[in-house]
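Trainee: Could you walk me through the sheets in this one?
Mentor: Gladly, let us look at it together.
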Amino acid sequence: MPDIASSVPISRAKETCPSAATASGPAAGPGGSPAAEPAPTVPLLEVRGLCVTLPTARGPVQVLRDLSFSMARGQTLGIIGESGCGKSMTALALMGLLPEGAQVSGSIRLDGQELTTLDERALCALRGARIGMVFQEPMTALNPLHTIGRQIAEPLRLHRGLSAAAARAEALRLLERVRLPQAAQRLDAWPHQLSGGQRQRVVIAIALACRPDLLLADEPTTALDVTIQREVLDLIGELVAADGMGLLLISHDLGVMAQTVRRLLVMYAGRVVESGPTADVFRRLAHPYTRGLFAARPRLGLARGTRLATIPGRVPDLAALPAGCAFAGRCALAEPACSAAPPPLVEVGRDHHARCIKAAGTP
Ligand SMILES: Nc1ncnc2c1ncn2[C@@H]1O[C@H](COP(=O)(O)OP(=O)(O)O)[C@@H](O)[C@H]1O
Ligand SMILES: [Mg+2]
């Protein structure tokens, strides 16, 4: 598998919420919308100039650099990039779950509400209720000491105010919705009695319980068997479309992205280096890094023994990034100007940008 298939474990901040997947806040209105509808022009999610610096043994390291993107209500957005490019940090920043000591600047707005200045209590209220999360390893999101039914019913009782009986009935409905086999019996099962794929279905059910506006899925199928991966992704795609939720999907799998998300962000060394409609990004491959990722993707039908192309070199050390383009050291097209100054964001098509001086004029 190429480098992009690997993924570093998610570092979590000390969570004060009972469970990030189940924590929730004030009851949402029908369809998960708050009582007062915002003006239609306000994006569901707007990230502007987001920078995150983490303390490390070697001093502070900037892991996210000037990240800006926005998502409309119901939009699907994907983030791709090799391991260590800042995909998970982006997800954790949105949830307010960055490692302890993280310094954040810039702005993250959900329906116009600034999240970077919220305290832990207010963030806890948002997680689950407004933003549902599905991470790579379902076991970390589930409490091994509680039955499946209880874990789904808890947010329903706490935040949607359902009675015990109504919450159990709704938990069963949710388990059936995520197509967990023998859902009724499984209500009283423990997480360890389920397979990885079944556990991830339960996590998705919990994420959907409070009808969030945004589903954030970070490599949701990487820990699952290949045969199950497609089923779970199809399920996520279906549920998101049915509920009109926004989806922010992080995946190393370009095929998954092509099928699941309308817009794509390509990240490299903590920056977005290309963004645009998925079909246009794949057609144009405007940034040499995107081209490298595309060439390195595993494909069916390759003759045995065919070596996969990989991008030469390694992701640079974030603590010692070069002054110019961070990709220049690995880029076949690099010229002296690339190392002199950070490349500007170049418009290469409608709503399609690449941070590369060579991208301009690419057909
Ligand atoms: N707890 C941490 N402290 C310091 N640096 C970290 C921590 N967790 C991750 N990093 C670094 O942050 C960068 C981005 O990581 P991450 O967002 O997890 O990458 P991705 O999800 O794209 O694989 C990496 O260089 C990683 O080494
Ligand atoms: Mg990651």
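Trainee: Which residue is the bridge partner of Pro-55 in E2?
Mentor: Pro-55 has Pro-60 as its bridge partner in E2, and strand E1 (residues 45-56) pairs with E2 in the antiparallel sense over 9 bridges; pairing here requires that DSSP finds at least two bridges between two strands. Strands (E, at least two residues) and helices (H or I, at least four) are DSSP runs, numbered from the N terminus.

Trainee: Before going on, what should I keep in mind about the model?
Mentor: This is a predicted model, in which local features need pLDDT of at least 70 and side-chain atom pairs count only at pLDDT 80 or more, while totals for chains, interfaces and linings use all residues. Residues are numbered from 1 along each chain as its sequence is written, with chains lettered from A and ligands numbered from 1 in the order in which they are written.

Trainee: And what order do the 4 strands of that open sheet have?
Mentor: The order is E2-E1-E4-E5, with antiparallel pairing, and strand E2 (59-71) and strand E5 (113-114) are the edge strands, each pairing on one side only.

Trainee: What about the sheet of 8 strands, what is its order?
Mentor: That open sheet runs E6-E7-E8-E3-E9-E10-E12-E11, with mixed pairing. Strand E6 (131-134) and strand E11 (346-349) each have a single partner strand, so one side of each is left without a neighbour in the sheet.

Trainee: How do E3 and E8 pair?
Mentor: Strand E3 (residues 76-80) and strand E8 (residues 246-250) pair in the parallel sense over 4 bridges, and Thr-76 stands opposite Leu-247 in E8.
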